[in-house]
Amino acid sequence: MKGTEAFEEIIPLLTDEPVIHANGFICRESFNLKDREGNFYMIGSMGLASSIGLGVAVSRPDQKTIIIDGDGNVLMSMGTLAMIAAAAPRNLLHIVIDNEVYESTGRQGTLSSSVALDDVAKSVGYTHTKRVTEKEQIKSAYQELIGKEGPSLLLIKVEPSFDKATGRVHHTPEEITSRFMKALG
Ligand SMILES: Cc1ncc(C[n+]2csc(CCOP(=O)(O)OP(=O)(O)O)c2C)c(N)n1
Ligand SMILES: [Mg+2]
């Protein structure tokens, strides 16, 4: 499955959840397919979507919170997996689009080809983890995990295939922050 196809499956499943996106193509794909006020786009700072997602989940315990992360982002901030597991927000679903490369910067290989990020999450204490490799599996895996008490991690293995022509997020960081806070209420 291509990265874009993974987003095409996930986006229709979203309702009013805050969704915190990792930088690079993760932000750009989601923004271009469907911009939402509840989308926080982490522009530039790699590895931090998971920390922000944890903060949102802890401060809004009655609201499901979703992180859409990349394998390179997760590897850069692997300690945040442990912090999420220790804080144990039951309302957090952490989705990882794993293409085994830093696609946004030229497809350099990442360690996720030999380190199973779902196993790492399970080892540190995520309550549920699931790995999918086919786009047809995404909807049921998502629905299963969103219905359970987290923190949960859905690892989606994709081909490195994002389109370089995909436009950039055109909101300023200030706009992203203020509309995200408004959407949170
Ligand atoms: C601290 C820091 N280091 C490096 C970069 C450059 N950079 C931006 S996106 C990216 C790759 C992210 O990889 P991944 O999370 O796997 O997402 P993908 O690009 O594969 O969708 C890199 C290295 C950055 N923005 N910030
Ligand atoms: Mg990647």
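1. Helices (H or I, at least four residues) and strands (E, at least two) are DSSP runs, numbered from the N terminus. This is a predicted model, in which local features need pLDDT of at least 70 and side-chain atom pairs count only at pLDDT 80 or more, while totals for chains, interfaces and linings use all residues. Residues are numbered from 1 along each chain as its sequence is written, chains are lettered from A and ligands numbered from 1 in the order in which they are written, and side-chain values use heavy atoms, with hydrogens and water left out.

2. The largest pocket holds about 230 Å³ of space, and of the 17 residues that line it, the closest to its centre are N23, N73, Y102, E103 and S104. At least two lining residues come from each of α2 (25–33), α4 (71–76) and β5 (101–102), with α4 giving the most, 3 residues. On a 1 Å grid over the protein atoms alone, a pocket is an open set of points with protein on both sides within 12 Å along at least five of seven lines, a cavity is a set of points where a 1.4 Å probe fits but cannot get out, and lining residues have an atom within 4 Å of a point. Grid points are joined across faces, edges and corners, and a volume is the space filled by probe spheres set on the points.

3. The second largest pocket has a volume of about 160 Å³, and its lining includes N23 and S104 together with C27, R28, M42 and R168. By class, this lining has 4 nonpolar, 4 polar and 2 charged residues, where Ala, Val, Leu, Ile, Met, Phe, Trp, Tyr, Cys and Pro count as nonpolar, Asp, Glu, Lys and Arg as charged, and the others, Gly among them, as polar.

4. The structure holds 1 cavity of 30 Å³ or more, and the largest cavity has a volume of about 40 Å³. Both β4 (92–98) and α7 (138–146) supply at least two residues of its lining, which divides into 4 nonpolar, 3 polar and 4 charged residues.

5. The magnesium ion (ligand 2) is coordinated at 2.1 to 2.2 Å by D71 (OD), N99 (OD1) and V101 (O), donor residues whose spacing in sequence is D-x27-N-x1-V. Donors are N, O and S atoms within 2.8 Å of the metal (3.2 Å for Na, K and Ca), and water is not among the atoms, so sites may look incomplete. N99 and V101 are both buried, a term for under 20% relative accessible area, with exposed for over 50% and partly exposed for values in between (1.4 Å probe, protein chains only).

6. In helix α8 (residues 173–184), the buried residues are I176, R179 and F180. They lie on the same side of α8 because they cover an arc of only 105° around the axis, the arc being that of the directions from the helix axis to the C-beta atoms. On the other side of α8, E174, M181 and K182 are exposed.

7. Some backbone details deserve a check. Most residues other than glycine have a negative phi, and most peptide bonds are trans. The peptide bond from G150 to P151 is cis, with omega near 5°, and P151 lies in the loop between α7 and β8 (152–157). A88, which is not a glycine, has a positive phi of about 55° and is partly exposed at 38% relative accessibility. R107 likewise has a positive phi, near 65°, and is partly exposed, with a relative accessible area of 42%.
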